[in-house]
Structures are given as structure tokens and as C-alpha cells.
Amino acid sequence: MSINELEAKVRELRELQTLIEEAQEEAEAIKDAIKAAMGDAEELRAGEYKVTWKAVKSSRLDAAALKKALPEVAERFTRITTTRRFCVA
């Protein structure tokens, strides 16, 4: 791929990323409006649509606290991985 073709692809990528970000922001605004309309309700019906907004409990490991309290245990169960990060600046 030539430099000109590559530059065009990067430009197209950035334009698409901008469109995606704008669409995500718009979707979040719509979600917030629906949540505001729901108030404390966990379920809402709107024509053919059923919308739910329920509390979900989850538990997660506090890695920082584990490293502080039991650093040797945290070290034994720490796994290092390598990935490649793609970035356009």
C-alpha cells in the first residue's frame, strides 16, 4: 500500500471513529432520557418494546488491597500478558 493510500485509509478510519463516537454519545443521551422517564421503575413497556433497568450485584477482586495485604500471594497469581496496542495520532 502506498503512502497516499495509507494516508487515505487513516483519514477514513478517523472519520468513521468520529461518527461512532457521535452515535455513542447520542445513544447515551437517549438512554439517559429513558432512564429519567423510568424513575425508580425496573421495567417499562413502550409499544412492542420492554425496557428493564435493574440493579445488578457483582463481586470483584480488589487486586490493590490483595497486593498490599498479601504481596507474596498476589505475586504467585499474577499473570503477565503482552498485547499490541493500535493507536492513530
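Student: Why is Leu6 called partly exposed?

Tutor: Leu6 has a relative accessibility of 43%. Buried means under 20% relative accessible area, exposed means over 50%, and partly exposed lies in between (1.4 Å probe, protein chains only). Leu6 therefore counts as partly exposed. The model is predicted, so local features need pLDDT of at least 70 and side-chain atom pairs count only at pLDDT 80 or more, while totals for chains, interfaces and linings use all residues. Residues are numbered from 1 along each chain as its sequence is written, and side-chain values use heavy atoms, with hydrogens and water left out.

Student: What makes Arg11 and Glu7 a salt bridge?

Tutor: Their side chains meet at 3.3 Å, N to O. A salt bridge is a side-chain nitrogen of Lys or Arg within 4 Å of a carboxyl oxygen of Asp or Glu, so this pair qualifies. In general, side chains of opposite charge can pair when their charged atoms come close.

Student: How are Arg11 and Glu7 placed in helix 1?

Tutor: They are 4 residues apart in helix 1 (residues 3-38), and are therefore separated by about one helical turn. Helices (H or I, at least four residues) and strands (E, at least two) are DSSP runs, numbered from the N terminus.

Student: Why is the contact between Glu28 and Lys31 called a salt bridge?

Tutor: The closest N and O atoms of Glu28 and Lys31 are 3.3 Å apart, and this distance is within the limit of 4 Å, so the name applies. Being 3 residues apart in helix 1, Glu28 and Lys31 are separated by about one helical turn. Glu28 is partly exposed at 38% relative accessibility, and Lys31 is partly exposed at 43%.

Student: How do you know whether Arg45 is buried or exposed?

Tutor: Arg45 has a relative accessible area of 59%. That value is over 50%, so Arg45 is exposed. Glu43, with which Arg45 forms a salt bridge (3.9 Å, N to O), is partly exposed at 40%.
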